[in-house]
Amino acid sequence: MEYLVSMEKPLVLLGCAYLSWKIVRHIWGFLNVEKEPVTVLVTGAAGQIGYALVPMIARGAMLGPDQPVIIHMLDIEPAAEALKGVKMELIDAAFPLLKGVVATTDVIEACKGVDIAVMVGGFPRKEGMERKEVMSKNVSIYKAQASALEKHAAPDCKVLVVANPANTNALILKEFAPSFPEKNITCLTRLDHNRALGQISERLNINAGDVKNVIIWGNHSSTQYPDVNHATVDTGNGLKPVRELVGDDCWLNAKFITTVQQRGADIIKARKLSSALSAASAACDHVHDWVLGTPKGTWVSMGVYSDGSYGVPPGIIYSFPVTCEKGEWSIVQGLKIDEFSRAKMDATAKELVEEKSLAYSCLK
Ligand code: NAX
């Protein structure tokens, strides 16, 4: 009897613990099941980046493995059939996270309720075309799509512009969606950032995941400045500066920079097509880190609205090192800039200021 009484308390405690565990698991399961889908728009979805990007989104590479998604795909009339095919393939892949697909050539239907807009569609530069002519076509596309997004997207919609000229298309989008906060409009330079990580890891024969804090400054064009002055490698025995480990400033200040700047052209030479899988992957990385945060001590490169940091003219979309937390990016402050970097950062800013005035001249 005495034995039974002494057992009573631990048994009750055990029962309570079991019950609490069941309740927590139930609530957790309930929360997981009920996680609201996020609606992601991909424009130019019948193109080659679109084709690589939509399955990545549907697999959770952009927003995480437990985040259901609805994908809206927009393209233009001549690509309507191809777009229909992409939708059929998405259905055939039976992605568990994919809760809906809209494939349309109607910009209003495409923009309705979107939480994240990845703008890949645009007018490519064709042989013999003047720069102004291409700019003018893209300015009118981005002007129209900005208004549709402003009217029909979710109130806190985050926008990533991929289509070139990416920085200036993003600027036009911001101009014609004035109620969107500046903080919600960005452009893709993460591909260049990842290319820089790739070059360093190849040179040192290490994993790209062990290299961090490279920076792409400026325009997503051949004037961009890939900077390794603050980059480090996790050696397993502490962080070491990339410059020290590479031990070849000539390579870092010349060949490394031009390789990253010209990588897109080299891919075209090799593939006879421009980068698609790496661009799609970088778009996922960009949105992933923006929404879910950058790891502690790590920054990434994003084209964002300049607030004048590092002496960059305000009012252009310029690639900076940023950290992200709770869905917001902030420019990393206080990095030392040497003379070599200053000149390169100014040159790419100058190009962006010129692009901006070209774009505005197309609006007249
Ligand atoms: P594709 O030509 O394969 O696809 C573009 C798609 O956009 C086509 O299906 C086209 O019909 C569609 N489109 C054209 N006008 C449209 C409009 N008004 N609304 C919706 N869709 C429209 O090009 P792709 O290789 O996918 O490249 C797409 C864009 O990404 C290009 O502008 C390219 O220059 C740019 N890039 C940007 C990169 C970056 O890092 N920021 C890197 C990769 C890429 O070069």
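This is a predicted model: local features need pLDDT of at least 70, side-chain atom pairs count only at pLDDT 80 or more; totals for chains, interfaces and linings use all residues.
Two notes before the details. Residues are numbered from 1 along each chain as its sequence is written. Local features need pLDDT of at least 70 and side-chain atom pairs count only at pLDDT 80 or more, while totals for chains, interfaces and linings use all residues.

I start with the ligand. There are 29 residues around it, and those that come nearest are Gly44, Gly47, Ile49, Gly121 and Asn164; a residue is near a molecule if its C-beta atom, placed from the backbone, lies within 6 Å of it. By class, the shell has 16 nonpolar, 12 polar and 1 charged residues. Here Ala, Val, Leu, Ile, Met, Phe, Trp, Tyr, Cys and Pro count as nonpolar, Asp, Glu, Lys and Arg as charged, and the others, Gly among them, as polar. Helix H2, residues 48-58, gives the most to this shell, with 3 residues. Helices (H or I, at least four residues) and strands (E, at least two) are DSSP runs, numbered from the N terminus. Domain 1 (38-187) and domain 2 (190-363) each supply at least three residues to the shell; the domain bounds come from an automatic or database domain assignment.

Next, the core. The largest nonpolar core has 99 residues, and those with the most contacts inside it are Val40, Ile71, Val118, Val161, Val162 and Ala283. Both domain 1 (38-187) and domain 2 (190-363) give residues to this core, so it lies between them. Such a core is a set of buried Ala, Val, Leu, Ile, Met, Phe, Trp, Tyr and Cys residues joined through C-beta atoms within 7 Å. Take Val162: leaving aside neighbours within four places in sequence, its contacts include Ile49, Val118 and Ala283. Contact means C-beta atoms, placed from the backbone, within 7 Å.

Now the annotation. UniProt, in an unreviewed entry, places the feature "binding site" at Arg125, Arg131, Asn164 and Arg195. They span 71 residues in sequence and the farthest two C-alpha atoms are 26.0 Å apart, so they do not all gather at one spot. Such annotations may be inferred rather than shown by experiment.

On exposure: a residue is buried if 20 or more other C-beta atoms, placed from the backbone, lie within 10 Å of its own, exposed if 12 or fewer, and partly exposed in between. Arg125, in the loop between strand S4 (116-119) and helix H5 (131-152), is partly exposed because it has 16 such neighbours. Arg131 lies in helix H5 and is exposed, with 11.

Methods:
Two residues are in contact if their C-beta atoms, placed from the backbone, lie within 7 Å.
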